[in-house]
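The following note concerns helix packing and the nonpolar core. Please read it alongside the structure shown here.

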There are 2 protein chains.
Amino acid sequence: MSPQAPIFSSHPGAAARLCVHTITTKQLSLEQCLEEFPKRDVSGITVWRQALEGRELAGVGRRVREAGLEVVSLCRGGFFPASDAAARQRAVDDNLLAIEQAHAIGAPLIVLVCGAVPGQSLVESRKQIADGIAAVLPAAAQAGVRLAIEPLHPMYADDRSAVNTMGQAHAICDSLGSPESLGIAVDAYHVWWDPELEAQLALAGRTGRLLAFHICDWLTPTGDLLNDRGLMGEGCISLREMSAWVDAAGFTGHREVEIFSHRWWATEPGHFLDEIAASYRRLYS
Amino acid sequence: MSPQAPIFSSHPGAAARLCVHTITTKQLSLEQCLEEFPKRDVSGITVWRQALEGRELAGVGRRVREAGLEVVSLCRGGFFPASDAAARQRAVDDNLLAIEQAHAIGAPLIVLVCGAVPGQSLVESRKQIADGIAAVLPAAAQAGVRLAIEPLHPMYADDRSAVNTMGQAHAICDSLGSPESLGIAVDAYHVWWDPELEAQLALAGRTGRLLAFHICDWLTPTGDLLNDRGLMGEGCISLREMSAWVDAAGFTGHREVEIFSHRWWATEPGHFLDEIAASYRRLYS
């Protein structure tokens, strides 16, 4: 990985480990993200693949590093299940492409939103997910890119992911023989309700599987299943407690702000970034 | 309400065990429900408390039975957690009232939507839920009314229920010493995603805790967290498989159609009831 630019802050280190996903500020181009993120002490960036469109990949990686940012991960691979074999092969091919893209921009990790097919049994979908991961793992290892299974909230079990708990993510890692290149991405939004969360995080630490930590908040009421996430502190998730569990598991990577929000996306993105940095400091100072 | 022609089924008894919640046809008064339900071979009714307003309770029970319907349960008690003791006592008082109401109309069961307080830890809320249930159980036993903990989907963990899996419902039953008057209400909408579902249903059968079974379907996409449930067959839940597990657990009670849907509520309720009966027959014939 690239050398990190020093962080200049009135509270030195207060924003340490802050990463923002390009989807969070999707009104900004990738180039604008590289300009605006460092102004708020953001030191990491997770790049969504749509932000790469029309760009030369090696150049993207170089410009990110020149901006003083670390590429934390590439979002997203996955969506392995499908009702026919040809569609499953297309998914494998797309994940192989994602691995090439991650390698080209210097991303050490790809987050997997694993997929699900409405009406197909979740057991069958999880089998197809394991098969799909197995099919692309050798290429990932060869490229030096790790894959992180992201358990998604059970409200997405119909068509986004049949992996809805950390326990299921661990089970897939186990079933594939605990390969070095495979781990878990933990997103507070998806797992905060899980009564096994603390134990599963500790297990992820012990097994070296804790590869990413995404943060945002759960709003009451939530007006939309997809795009009504809250900024940290706006909702009910005990992010301090969960972050302490993540730290206790030995995770030292970035905390990644991933917020899908029609409400925030309607605001000025520079203001949104200011609010992200401020809420992050309140949470972790 | 237009009068509905009687349905003469080519498969007599195909609608056996069909119960409808008054909230499902909330455009109808309780009296209209008693008139319309039996025309579609609906043999059970679960009464929501708002349907009782302004009515003399013993008379309600008599009229339900005269209509040929069985009162399956009263919905709903619960909402035990609160941030101060006075509010928790008010919740206990309200549940004692619900027990009186259930007894008065001849309902053998009250469904508990257990409650949660945004920002209060789910562990604390579950403790308050157990305490609240313990406080009202003697009155329930005295009245011959059982209480059923309904695990709610994790997307309601913020403010509706800190009990989000059958496993947690079992844990509360265990913690209270497995009282005879306490069990579990299983709603397909809330638990269909749970990888432990089959095993937890079997456990509920073995422990005598399986007291109610609610059905509807999960739509893709779901446009609203509360009021966009589907009619059986419209969505992705494997209701046949889940019903087989429920049957295998020894449950012989009614299958209760509980659908919150702005879309269906905007249709003519007689037509909605026809569709409920038709989809029920397709599912179970």
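1. In chain A, H3(A) crosses H4(A) in a right-handed sense, that is, with the near helix turned clockwise from the far one by less than a right angle. Helices are DSSP runs of H or I, at least four residues, numbered from the N terminus. The model is predicted: local features need pLDDT of at least 70 and side-chain atom pairs pLDDT 80 or more, while totals for chains, interfaces and linings use all residues. Residues are numbered from 1 along each chain, chains are lettered from A and ligands numbered from 1 as written, and side-chain values use heavy atoms, without hydrogens and water.

2. The contact (heavy atoms within 4.5 Å) involves, among others, Arg88(A), Leu96(A) and His103(A) of H3(A), and Gln128(A), Val136(A) and Ala143(A) of H4(A).

3. In chain B, the axes of H3 (residues 85-105) and H4 (residues 122-143) come within 10 Å and cross at roughly 30 degrees. Axes are lines fitted to C-alpha atoms over the stretch in contact, with angles from 0 to 180 degrees between N-to-C directions. H3(B) is therefore roughly parallel to H4(B), the term for angles under 35 degrees. Their crossing is right-handed.

4. The largest nonpolar core has 172 residues, of which Ile149(A) and Ile149(B) touch the most other members. Such a core joins buried Ala, Val, Leu, Ile, Met, Phe, Trp, Tyr and Cys residues through side-chain atoms within 4.5 Å; buried means under 20% relative accessible area with a 1.4 Å probe, protein chains only. Beyond four places in sequence, Ile149(B) contacts residues including Leu112(B), Val163(B) and Ile184(B).

Methods: Buried < 20%, exposed > 50% of the residue type's maximum accessible area, 1.4 Å probe, protein only. Helix = DSSP H or I, 4+ residues; strand = E, 2+ residues; numbered from the N terminus. Parallel < 35°, antiparallel > 145°, perpendicular 65-115°, else oblique.
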